[in-house]
Amino acid sequence: LAVRILEKFGHKVTIVSNGKLAVESYGSKHFDLILMDVQMPIMGGFEATQEIRKLESLKGNNEHLPIIALTAHAMIGDREKCLAAGMDEYITKPLRVNELIATINKFPPKNCPDLSQQDPYYDYAHLRANYATPQDTKTNYVYKKP
């Protein structure tokens with residue numbers, strides 16, 4: 001459900017199946033925000049968040065990636081537990097569209113890198129100039145990163 005909501009609002013979504021993969025993805029890709037399920041196999045959301053915070057501190061550039069907890073727990077103290085683990089916000093399941101979008105909008109992508117400097121696919125003119133049209137079609141295809 002969360003994926004459909006986010007894509008409907010124009011967000012690009014990467015899904016991983018456990019906390020260990022979330023930490024690995026953080027280390028290899030750029031994200032504006034992480035929605036972290038608290039209960040995941042192999043490595044839970046609390047531990048994954050703590051690992052991501054350790055990696056952030058090792059980088060030494062004062063970057064802080066917003067992490068929003070997704071949890072089925074709505075007990076007193078659960079929000080505080082998420083915040084104490086290093087998460088920035090907390091949303092309970094079942095997800096409500098307005099709450100999810102409002103929470104995400106609290107964290108605009110202010111730390112987003114200049115894509116023209118970081119992403120070779122951002123230079124569309126260069127791509128078009130170097131693109132070879134397939135022999136069996138007259139349609140031009142250009143990879144456009146959203």
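This is a predicted model: local features need pLDDT of at least 70, side-chain atom pairs count only at pLDDT 80 or more; totals for chains, interfaces and linings use all residues.
Colleague: Is P94 buried or exposed?
Modeller: A residue counts as exposed when its relative accessible area is over 50%. For P94 the computed value is 64%, so P94 is exposed.

Colleague: What distance separates the C-alpha atoms of P94 and L1?
Modeller: Along the chain, P94 and L1 are 93 residues apart.

Colleague: Which residues of helix α2 are buried, and how do they lie around the axis?
Modeller: Helix α2 covers residues 19-28, and its buried residues are G19, A22, V23, S25 and Y26. Seen down the axis of α2, these residues fall within an arc of 160°, so they line one face of the helix. On the other side of α2, the exposed residues are G27 and S28.

Colleague: Against which elements do the buried residues of α2 pack?
Modeller: The buried residues in question are G19, A22, V23, S25 and Y26. Their packing partners are the strand β1 (34-37) and the helix α3 (45-59).

Colleague: Which residue caps the N-terminal end of α2?
Modeller: The cap involves a side-chain oxygen and the backbone nitrogen of K20, with 3.0 Å between them. The residue that supplies this oxygen is N18.

Colleague: Why does D78 have no salt bridge, and which side chain of opposite charge is nearest?
Modeller: D78 is placed in helix α4 (residues 78-84) and is buried. A salt bridge requires a side-chain nitrogen of Lys or Arg within 4 Å of a carboxyl oxygen. The nearest side chain of opposite charge is 6.0 Å away, so D78 has no salt bridge. That side chain belongs to K81.

Colleague: With which residues is D78 in contact, leaving aside its neighbours within four places in sequence?
Modeller: Contact here requires heavy atoms within 4.5 Å. Once the sequence neighbours within four places are set aside, the contacts of D78 are H73 and Y90.

Colleague: How many helices and strands does the chain have, and what pattern does the chain follow?
Modeller: There are seven helices and three strands. Read along the sequence, their pattern is α-α-β-α-β-α-β-α-α-α.

Colleague: What percentage of the residues of the chain count as buried?
Modeller: To be buried, a residue must have under 20% relative accessible area. Of the 146 residues of the chain, the buried share is 30%.

Notes. Residues are numbered from 1 along each chain as its sequence is written. Side-chain values use heavy atoms; hydrogens and water are left out. Buried means under 20% relative accessible area, exposed over 50%, partly exposed in between (1.4 Å probe, protein chains only). Helices (H or I, at least four residues) and strands (E, at least two) are DSSP runs, numbered from the N terminus. The arc is that of the directions from the helix axis to the C-beta atoms. A polar contact is a pair of N or O atoms within 3.5 Å; within protein, one must be able to donate a hydrogen and the other to accept it, and residues adjacent in sequence count only if both atoms are side-chain atoms. Lys and Arg count as positive and Asp and Glu as negative; His and the chain ends are not counted.
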